[in-house]
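Subject: Structure for your review

Dear colleague,

Please find below the structure that I am handing over to you. My notes on what was found in it follow directly after.

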Amino acid sequence: MTSEDRNTSARGTSCQTSPRAPAVSGAPGYADGGAATEGPAHHAERLSVLAEVGAAIQEAHSPREVSAALLPRLRRLVGAPFATTSVLDFDAGLLWRIAVDSDRETAPSVGAPVPIAGLGPLDEVRAGRPQVVRDIRTITDRAPLVDALIASGLRSMINLPLVAGGEVMGILTLVYDDPVGLPKGAKLEAARELAGHLAVAMRQARRDEQLERRLLQADALARLGRRALGGHGLGGLLAESCQLLVDVLAVDFAEVLELRPGGEELLLVAGAGWADGLVGRATVDAGPHSQAGYTLGTDEPVVVADLVGEERFRPQALLRDRGVASGVTVTIAIADGPYGVLGVHATSPRRYTEHDVSLVQAVANVLAEAIQRERAEDALVRSNARLRLLRDLDLAILAARSPAEITAAVLPTLRRLVPCRRASVALFHLDALEAELIAGETEGGTEIRPGVRYPLGAIAGRDELIAALGRGEIRTLDVASMRGEPSPFDALAHEGVAYHALVPLLAEGKLLGSLNISGDTADGLAPGDAEVAREVAAQLAIVLRQARLHEQLERSAEELSERVAERTAELAERNAELDAFAYTVSHDLRAPLRAMRGFGQALLEDHGGGLDAEGRDYAERIVGAAGGSTR
């Protein structure tokens, strides 16, 4: 039988069997104890009740069950119309009703924690002595419980402290129609005796409950540790941790808040008990005025028993709007600073035990280890991907592929390494103050068309921007402030793109263009992403420089070829002219030679006999030479 079943059963039984208590006669004053003599019938009934209570205690497993077993029998013994047991927390100024038994239909039942002050001064109870309130209507700032008792026609009340081991753990409250019915003498002693039994049973039950809760917490923490070591994804681990805390600590909410870049906000990244749509969207101020922000500034867990009286920070809307009244928050600390905050909250004031706080801290430690490990693994994966990308760039450079082809192949990988909405590469034509897109990669929205040119004058502070890029600085443009500017910025603003980062492409100190990265977060490029972008930009600058050198070489080769062709044509023309000249000269020389030959032959034929040997030899030589030239 559950505690609620026992409570309901006990309350129903008491309503049927407990008679209205008769007025107790005795001395006028209550403190003198009235008639101290216990009649045989009352003595027998007291023994019977004690036996029943002892048996009920043996079967009970929690303070609530022990109280539910005791109250019907106690009410029958002392003739009280209404009885309740409550757990006290003097430090928090609160009490929790854990069991109620009454013969009044309008009497209050078990409810939320209420301020101790609402039941009147409990100084005697705090000291371990009974405290009587003869007329509960005289209590100022009454708790709703007292107003409900008054509405039921009840007027007088006695609070019996539940003391065990020197500790006041709670109170047993008996309420009557008037002061005459308040227990005195033997009935008072019987009530105090039963209260002592209840206190001991509650203490033992609380110890058992605490031990059981500690074992449950240890088991849950072990399961969470195994889950974290399994490496099945950080998102699932965060959500499972929150649900574990809600289940084990019996709280209403649990959450993981991640500190956003810039350190001004914490984002609700995982939780249990929260309404749909809040996780991943709701934020909390990271400053010291919020509980989460205050937690980041301290090395200790922050425990709030009652948010109403909290003076260290203000309730944030995320908690206030959901009626949160108490909670525990701890920092999730990793090697390079706080990741964020882990918190649990309840909608009622509550005292959190040392073991409760230790569990929250232990879960935060498990999450910190998992977060750190995942970040290290992610960094390794990103590093490998970055090295592969740089290697592919080097191979592309060696293969002398075109800049557009290389860039188009690189940008998809870059977008995986640097999460962003869009990525593109633009060449600068500074003489014309224009930029030319040579490649782009986008997840949607306006298409990035290679070859499109846009004026650099569309960028506010153009000259300073170009100078900064020339110095190797990454510059981030606020796209929202550039609405109305010429394309592509107007289109980006309409798509909801928040930032447009320009990473300079520098080669040998010369600004060639920019690697452009656009995203939808106001924080711009994260430091690690910026470093990856710089490395890729450096390689792309080499690609562009090589391409420009190649273009210049091709242009020079073409110019040289044209010059060679021109000189060849000119030489051919000159040769033709020389051929014509030689032909002319040859033609012009033939007539004199023929004449010389003819005259030489005539000389030999007509006067050869008159020539001496030497003269004849000269004449023959002239004829021979003139004849050879005409062949």
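What is the mean pLDDT of the protein, and what share of its residues reach 70 or more? The mean is 77, and 78% of the residues reach 70 or more. Please bear in mind throughout that this is a predicted model. Over residues 1-37 the pLDDT stays under 50, and for this stretch the model has 60 contacts beyond four places in sequence. Where pLDDT is low, the predicted coordinates should not be read in detail.

I turn next to the sheets, beginning with the one that contains β1.

This open sheet is built from six strands, in the order β3-β2-β1-β6-β5-β4, with antiparallel pairing. At its edges stand β3 (114-115) and β4 (131-133); each has a single partner strand, so one side of each is left without a neighbour in the sheet. Within the sheet, β5 and β6 run antiparallel and are joined by nine bridges. One point of reference for this pair is Leu-160, whose bridge partner in β6 is Leu-172. Helix α3, residues 63-78, packs on the sheet and touches β1, β2 and β6. The direction of α3 makes about 50° with that of β2.

The other sheet to be described contains β7.

Here six strands form an open sheet in the order β9-β8-β7-β12-β11-β10, and the pairing is antiparallel. The edge positions belong to β9 and β10 (302-304), each with a single partner strand, so one side of each is left without a neighbour in the sheet. From one strand to the next, the twist averages 25°. Strand β11 (residues 326-334) and strand β12 (residues 337-346) run antiparallel and are joined by nine bridges, and Val-328 stands opposite Val-344 in β12. Helix α7, residues 234-249, packs on this sheet, where it touches β7, β8 and β12. The direction of α7 makes about 65° with that of β8.

Six bridges pair β7 with strand β8 (residues 265-272) in the antiparallel sense, and the bridge partner of Ala-254 in β8 is Ala-272. Which residue in the hairpin of β7 and β8 takes a positive phi? That residue is Gly-262, with a phi near 100°, and the hairpin has five residues between the strands. Leu-267 stands opposite Thr-283 in β9.

How many cavities of 30 Å³ or more does the structure hold? There are three. The largest cavity contains about 100 Å³ of space. Among the residues that line the largest cavity are Glu-255, Leu-257, Trp-274, Val-284, Gln-316, Thr-329 and His-345. At least two lining residues come from each of β7 (253-259), α8 (291-296) and α9 (317-320). Sorted by class, this lining has six nonpolar, five polar and one charged residues.

The second largest cavity holds about 50 Å³ of space. It is lined by 13 residues, of which Thr-84, Ser-86, Leu-119, Leu-145 and Thr-173 are the closest to its centre. Elements that each supply at least two residues of this lining are β1 (82-89), β2 (94-102), α5 (144-151), β5 (156-164) and β6 (167-176). The lining of the second largest cavity has eight nonpolar, four polar and one charged residues.

With kind regards

Notes. Residues numbered from 1 in each chain as written. Predicted model: local features only at pLDDT ≥ 70, side-chain atom pairs only at ≥ 80, totals over all residues. Heavy atoms only, no water. 1 Å grid on protein atoms, 1.4 Å probe; cavity = no way out; pocket = protein on both sides within 12 Å on 5 of 7 lines; lining within 4 Å. Points joined across faces, edges and corners; volume = space filled by probe spheres on them. Helix = DSSP H or I, 4+ residues; strand = E, 2+ residues; numbered from the N terminus. Nonpolar A, V, L, I, M, F, W, Y, C, P; charged D, E, K, R; others polar. Pairing = 2+ DSSP bridges. Contact = heavy atoms within 4.5 Å. Axes fitted to C-alpha atoms, helices over the stretch in contact; angles between N-to-C directions. pLDDT = per-residue confidence, 0-100.
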